[in-house]
Amino acid sequence: MGRVRPEYPYGVVNSWKLGLIVLGALAVPVLDNLTGGGMRVQDVSAALTLGLLLALPVEFAARTAFRRRVRLYEEEAGRLRAEAERLRDRQRSLEAELRRQKELLQLALTREAEAQRLLRQREQLAHRKAWEAGLERSRSARKVTFSPDVRVIDGASPAGFEEMVRRLLERDGLQAKVVGGRGDQAVDVLAVDAAKRTLAVQCKHTTRGRRVGSEVLYRINGTAGPVYEAAQSMVVTNGFFTRDAAAWGKRHGILLIDRKALLAWAQDADHVCRVVALTPPY
């Protein structure tokens, strides 16, 4: 708790002064009585003068003591102000240091996160390269396993086309089954990859060159997740997609395999994860 600035003790000083004035006023009559003299006007004046003279040292001593107390108070207040300013400077310095340490920590965390991200990217790239190299080495084996040409694809029935897509998915390492038929809710083939992700596939076999419109994508987009809990949906056709359908599919993340991509997948035995942007299971 801070000290209170001293105030001049007017009450105490005035009491002492009044007492001394009274004492001086009484002293002269007492002395006159002791000497046998009578009370005169001069004696009253002398008594008052004596009282005032006795009061002057009290006033002087009180003023001197008060000035000393004020000086000590101001010295102490100045010291405390200097100490408070030093502490404020210290606090500001510590706060600045704390901010700097936080910034350095944040920078270190950012750099660590960036390093981890780059490390993951390098690992993913290495896995991707190894995986793609393995795909190229196994392309001939996929061709032998199952690689229908364009005549087989175009000559298939709708049910045969669904079975063909299922076999292509299994050839590429997915577990697949045909679910098409009455009540299939726009999904013909369900596949599960090595990472246990479900892929819902709608198969559209058309006469050569016919285009698939956006309504097919609307239907599978509305049922793949809610009905089959699929993480990804895909539409496969031996024809082509309209411009609106291609744009809508890209916007909503639906994988599209048109005639050109289908021939690369089936006839050329390319892997489905390279034909479309399907995340590889590594």
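K204 sits opposite T237 of strand β5, in a pairing where β3 (residues 198-204) and β5 (residues 232-237) run parallel and are joined by 6 bridges. Further along, L199 stands opposite Q232 in β5. Strands here are DSSP runs of E, at least two residues long, and helices are runs of H or I of at least four, both numbered from the N terminus; two strands count as paired if DSSP finds at least two bridges between them. The model is a predicted one, with local features needing pLDDT of at least 70 and side-chain atom pairs counting only at pLDDT 80 or more, while totals for chains, interfaces and linings use all residues. Residues are numbered from 1 along each chain as its sequence is written, and side-chain values use heavy atoms, with hydrogens and water left out.

On to the partner β2. Strands β2 and β3 pair in the antiparallel sense, over 4 bridges, with V189 opposite V201 in β3. The two make a hairpin with 5 residues between them, and K196 in that turn has a positive phi of about 65°. As for the sheet as a whole, 5 strands form an open arrangement in the order β1-β2-β3-β5-β7, with mixed pairing. Its edge strands are β1 (175-178) and β7 (255-257), each of which pairs on one side only. From one strand to the next, the twist averages 20°. Helix α6 (residues 214-228) lies across β2 (189-192), β3, β5 and β7, at about 150° to β3; that angle is taken between N-to-C directions, on a scale from 0 to 180 degrees, using lines fitted to C-alpha atoms, for helices over the stretch in contact.

How enclosed is β3? Of its 7 residues, 6 are buried, so the strand is largely enclosed by the rest of the structure. Buried means under 20% relative accessible area, exposed means over 50%, and partly exposed is in between (1.4 Å probe, protein chains only). C203 is buried, with a relative accessible area of 8%, and C273 is too, at 4% relative accessibility. Still, a search of the whole structure turns up 0 disulfides, a disulfide being a pair of cysteine sulfur atoms within 2.5 Å.

Now for the packing. The largest nonpolar core has 30 residues, and those with the most contacts inside it include V201, M234, V236 and W265. A nonpolar core is a set of buried Ala, Val, Leu, Ile, Met, Phe, Trp, Tyr and Cys residues joined through side-chain atoms within 4.5 Å. Helix α5 gives the most to this core, with 5 residues. V165 belongs to helix α5 and is buried at 1% relative accessibility. Leaving aside neighbours within four places in sequence, V165 is in contact (heavy atoms within 4.5 Å) with V201, C203, V236 and W265.

V272, for its part, touches L169, D172, L174, I257, W265 and L278, not counting residues up to four places away in sequence.
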